[in-house]
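Thank you all for coming; I would like to walk you slowly through one structure.

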Amino acid sequence: MPTPELLDPNKEHTLVLVKPDGFARGLTGEVLRRIEAKGYVLKGLKIKRASKELLEEHYAEHRDQHFFPGLLEFMSSGPLVAVVVEGDRVIEGVRVLMGTTNPTLAAPGTIRGDLGRDWGSKYVENVVHGSDSPTSAEREIALWFPELVYHE
C-alpha cells in the first residue's frame with residue numbers, strides 16, 4: 001500500500017468537518033461539491049465517529065464555556081466526515097462558503113444558510129466546521145490527520 005501524500009508546506013490547508021447532523025442527513029456530498037466547485041482540492045478524507053478525547057483536544061479553547069459538554073455530546077453523537085482541503089486563501093474561502101455559525105442568520109447561498117437549521121432541538125445543526133486561522137488549521141489537521149503531517 002502506498003504511503004499517503006504529505007501536505008505541501010508551501011500551500012494553505014484547512015480542516016473541514018461535516019458534523020454528525022450533516023452526515024446523518026446525507027449532506028456530505030453537497031458540502032464537498034461546493035468546496036470542490038470553488039476550486040479547492042481535497043487532500044484527505046475520513047468517515048469516523050470521534051472519541052471524546054479527540055473532541056476535547058479539538059475544542060480545547062471552549063473547555064471553560066457553558067456549552068462545552070453539549071458540544072462534545074453532539075459531535076460524538078454519530079459519524080462525521082473529516083476533510084483536509086487545500087487552496088489559495090482556503091481558510092478564509094471555506095469560512096465564507098460555510099456562512100455564519102447561526103444557520104438562521106447565515107446568508108442564502110452559504111452551506112449553513114441553505115442546509116443548516118436551528119429548529120428548537122437541543123443543538124444548533126449548522127452542518128460544518130472549518131478552521132478559523134492558520135494556527136488552528138495546523139493544530140486541527142495534526143489531530144485528525146497525523147499521517148498527513150510532515151514530521152522531521
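Let me begin with a term: a salt bridge is a side-chain nitrogen of Lys or Arg within 4 Å of a carboxyl oxygen of Asp or Glu. What we have here is a predicted model, in which local features need pLDDT of at least 70 and side-chain atom pairs count only at pLDDT 80 or more, while totals for chains, interfaces and linings use all residues. Residues are numbered from 1 along each chain as its sequence is written, and side-chain values use heavy atoms, with hydrogens and water left out.

Lysine 19 sits in the loop that runs between strand 1 and helix 1 (20–24), helices (H or I, at least four residues) and strands (E, at least two) being DSSP runs numbered from the N terminus. Although lysine 19 is buried, it has no salt bridge, and the nearest side chain of opposite charge, aspartate 21, is 6.3 Å away; here buried means under 20% relative accessible area, exposed over 50%, and partly exposed in between, with a 1.4 Å probe and protein chains only, and Lys and Arg count as positive, Asp and Glu as negative, with His and the chain ends not counted.

Among the residues that lysine 19 touches, beyond four places in sequence, is His129, where contact means heavy atoms within 4.5 Å. Histidine 129 belongs to strand 4 and is buried, with a relative accessible area of 12%. Its contacts, leaving aside neighbours within four places in sequence, include Tyr59, Arg112 and Glu140.

Glu140 in turn is one of the buried residues of helix 7 (residues 134–144).
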